[in-house]
Amino acid sequence: MNAVGIDVSSRKSTVAVLRPLGEVVCLPFDVTHDIAVLASLVEKLKALDGETRVVMEHTGRYYEAVAKALHEAGLFVCAVNPLLIKEYGANSLRRVKTDKADAVKIARYALDNWADLRDFTPMDAIRYDLKTLNRQFQLASKQRTASANNLIALLEQSFPGIRKCFDSPVRSDGTQKWVDFAHSFWHVDCVRKQPFAAFCERYRKWCKRHAYLFKLSNAEEVYALAKRAVVLTPKSKVVKVLVQEAANQLISISRSVEVYRAEMDRLAAMLPEYPVVMGMYGVGKSTGPHLMAELGDVRRFPHRSSIVAFAGVDPGVVGSGKMQLSSVTTSKRGSPQLRKALFQVVSTYVKCKPENEAVYQFYAKKRDEGKPFFVCTTAAANKFLRIYYARVKECLNAAESATQVEEG
């Protein structure tokens, strides 16, 4: 058998081929990520005697093109968690970190774990696009939060407290009432330097122009706030530019967030497990596609504890001799984006307290046992993942069986 270790980087990869008992078939060599070069690599690997398995680290997105090219050529390809390679013993006291050494280490890992290697299955186009969209959505959401905080900080100098006068949610085009209002009425003097009747009429026309609901009580609240507000900066062109550009930036980023959200929901709706996931308690239009994007096809996990370990919410175990720690942090080995979505789902259970839901019942049981809050929420996330795994796996298997019947 031939164990091929590939250390993948941005533009090139380093390949090493070993056989049992340390026999070196090919010294480490570099290949560029080029169609012709990868085709030549495939021919070289297929020419080897015996079974050949290719192993590489599951890092970023660099490995995917190489893994897909080798998989489509008919080779056995396995992408493993880089943590497994990192913790795999090099059987040496020397500390060597080069591409060639890493390729040899990966090949040795492949030999020692030959029977446990799982063949690479390229993520289908929908799941691939959904995961990419989700990462962009998370990045844009962070930028929107930063932009919102920046605008609020600027308004605290020109119109303090105006944010709390509006509670309208973000619309599908990314606009929000308090942001649009701050863009037009960027300083308290834009409000209080005119009689209330004049401001009320102006505010009514502004609401009609921007398709917002006009409420007289809201106009009175804003006018009263402007009258008693103490501002740090006078009304000037500089303040106007600062506030309006910050509002424009927030509106632009919010629009991108809503576009990503709508596209993620559209793509997720094309997956067979969409109705099952969206029907689960605590899952909304954002968290549902988020979970499907990060977890992918759950059938790649051999059992339910695997998906829990993948998410990094499995309880740690530390013990030696008579010492057994009763409180150990979770492994946190998986995707932080996935753990964020799980925490959002569990937070819904904690706030709404649905007595007939198994996840909340499990959470309440742990609280009654006197467990700390974060221990209970982690246990609830663990329980939710196990239910998710069972339901989605059943749905996918049923969809696959139905497809096979139709084709037959």
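Which residues of S1 are buried on one side, and which on the other? Asn2, Val4, Ile6 and Val8 are buried on one side, and Ala3, Gly5 and Asp7 on the other. The legends below start with this strand.

This is a predicted model, in which local features need pLDDT of at least 70, side-chain atom pairs count only at pLDDT 80 or more, and totals for chains, interfaces and linings use all residues. Residues are numbered from 1 along each chain as its sequence is written, and side-chain values use heavy atoms, with hydrogens and water left out.

View 1. Seven of the seven residues of S1 (residues 2-8) are buried, so the strand is largely enclosed by the rest of the structure. Buried means under 20% relative accessible area, exposed over 50%, partly exposed in between (1.4 Å probe, protein chains only). Strands (E, at least two residues) and helices (H or I, at least four) are DSSP runs, numbered from the N terminus. In a regular strand the side chains alternate between the two faces of the sheet.

**View 2. The partners of S1.** Strands pair if DSSP finds at least two bridges between them. S1 runs parallel to S4 (residues 52-57), joined by five bridges. Val54 is the bridge partner of Val4 in S4. S1 runs antiparallel to S2 (residues 12-19), joined by six bridges. Here Gly5 stands opposite Ala16. Three residues lie between S1 and S2 in their hairpin.

View 3. Leu342 touches Leu291, Ala311, Val313, Ala381, Phe384 and Leu385, leaving aside residues up to four places away in sequence. Contact means heavy atoms within 4.5 Å.

**View 4. Salt bridges.** The structure holds 14 salt bridges. Each needs a side-chain nitrogen of Lys or Arg within 4 Å of a carboxyl oxygen of Asp or Glu. Glu258 and Arg261 meet in one (3.2 Å, N to O). The two sit three residues apart in helix H10, so about one helical turn separates them. Glu258 is buried at 11% relative accessibility; Arg261 is partly exposed at 22%. Asp297 pairs with Arg299, with closest N and O atoms 2.9 Å apart.
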